[in-house]
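Please look through the sequence and the model before reading on.

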Amino acid sequence: MIVRQVDPETQRVRTIVQTEEGRLRAFGENTVASLVSSAEKDAHRWVNDLSDRELRGLVHEVGQRLLSSSRAYQSQQAQLEEMADSANYAYFGLSPEATEKDLDNAYRQLAKKMHPDKNGGTDEAKQRFQCMKERYEKLKARRREESTPSGSDSGEKDEEEGDWSGRSGDPKRREAYDEDEEDEEVRKEREREREQDRKIEYDPTDRQSLHETVWRMLKQFKSLQQGLEEVGKQLRRARSGPVA
């Protein structure tokens, strides 16, 4: 028997395993935290001593903790992105309720004003222009995610920006503040790799498969915890001041 229940004393959820001998074994938050923080040799020895049923219970518990951490990370990441979007809209003098046309117009006005060629062509001017453009591109990307993708925008923008986007009519010229068209594809490929890594399949009747699954999930859990800590820091900074 393997069930998940609430500890009546701590009110924390845990996985209970009834062993082949009839004993009850509990795996919970402290179990997972201990495995993550212990020396690898000690953790492996502890897991190796588990029976097959106990090992299945541990896999179940770690999987639930991984799922919970993933949801928490996604929630905090969404909060951070929402705050960043609000800051980016404010940078262009807009609110998040602004239309696509409002955003494009605000970007064009700032781009004309901040273009490096009109500001001495210095590295600092190029960097300011690039930062402004990145804010715009992040907002455009978010809008594409929230609506049906359209392939017509980029072509129109390039044509309209031709005189002041840094290309100066030469499609082969690329400055530090030009858009890197490959970046988005690279990011998508990395996301696909991460998504593939998150898929966990195992054979519950194969002890070796259970072992490999435990360590794989613990590795992901540790990575998620580090991500949660970092996102938490960013959220605290964002709430105490403007998002960079």
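## Basis of the description

The model is a predicted one, in which local features need pLDDT of at least 70 and side-chain atom pairs count only at pLDDT 80 or more, while totals for chains, interfaces and linings use all residues. Residues are numbered from 1 along each chain as its sequence is written, and side-chain values use heavy atoms, with hydrogens and water left out.

## Overall make-up

The protein chain contains eight helices and three strands. Here helices (H or I, at least four residues) and strands (E, at least two) are DSSP runs, numbered from the N terminus. From the N terminus on, the elements follow the order β-β-β-α-α-α-α-α-α-α-α.

Of the 244 residues in the protein chain, 31% count as buried. Buried means under 20% relative accessible area, exposed over 50%, and partly exposed in between (1.4 Å probe, protein chains only). Among contacts with a separation of 6 or more, 58% are between residues 24 or more positions apart; a contact means heavy atoms within 4.5 Å.

## The sheet

The three strands form an open sheet in the order E1-E2-E3, with antiparallel pairing. Two strands pair if DSSP finds at least two bridges between them. Strand E1 (2-6) and strand E3 (24-27) are the edge strands, each pairing on one side only. From one strand to the next, the twist averages 30°. Such angles run from 0 to 180 degrees between N-to-C directions, and axes are lines fitted to C-alpha atoms, for helices over the stretch in contact.

E1 pairs with strand E2 (residues 13-18) over five bridges in the antiparallel sense. The bridge partners in E2 include Ile16 for Val3, Arg14 for Gln5 and Val13 for Val6. Six residues lie between the strands in this hairpin of E1 and E2, and Gln11 takes a positive phi near 65°. E2 and E3 run antiparallel and are joined by four bridges, with Ala26 in E3 as the bridge partner of Ile16. The hairpin of E2 and E3 has five residues between the strands, and Gly22 in its turn has a positive phi of about 95°.

## Helix H3 and the sheet

Which helix packs on the sheet and touches E1, E2 and E3? Helix H3 (residues 52-91) does so, and its direction makes about 165° with that of E2.

Arg56 belongs to helix H3. Arg56 counts as partly exposed because its relative accessible area is 30%. Although Arg56 and Ile2 are 54 residues apart in sequence, their C-alpha atoms are 8.2 Å apart in space. Beyond its neighbours within four places in sequence, Arg56 is in contact with Ile2, Pro204 and Leu210.

## Nonpolar cores

A nonpolar core is a set of buried Ala, Val, Leu, Ile, Met, Phe, Trp, Tyr and Cys residues joined through side-chain atoms within 4.5 Å. The largest one has 18 residues, and those with the most contacts inside it are Leu35, Leu55, Leu58, Val62, Val214 and Leu218. Helix H1 (29-37), helix H2 (40-48), H3 and helix H8 (207-240) each supply at least two residues of this core. The largest share, six residues, comes from H8.

With neighbours within four places in sequence set aside, Val62 is in contact with Val32, Met217 and Leu218. A second, separate core has 12 residues, including Tyr89, Ala111, Met114 and Met132.

## Helix H5

Helix H5 (residues 123-146) has 24 residues and reaches 35 Å from its first C-alpha to its last, close to the 34 Å expected at 1.5 Å a residue. The expected span of a helix is 1.5 Å times one less than its number of residues. Its buried residues are Ala125, Phe129, Gln130, Met132, Lys133, Arg135, Tyr136, Leu139, Lys140, Ala141, Arg142 and Arg143.

Arg142 lies in helix H5. The side chains of Arg142 and Glu81 are joined by a polar contact of 3.0 Å. A polar contact is a pair of N or O atoms within 3.5 Å; within protein, one must be able to donate a hydrogen and the other to accept it, and residues adjacent in sequence count only if both atoms are side-chain atoms.
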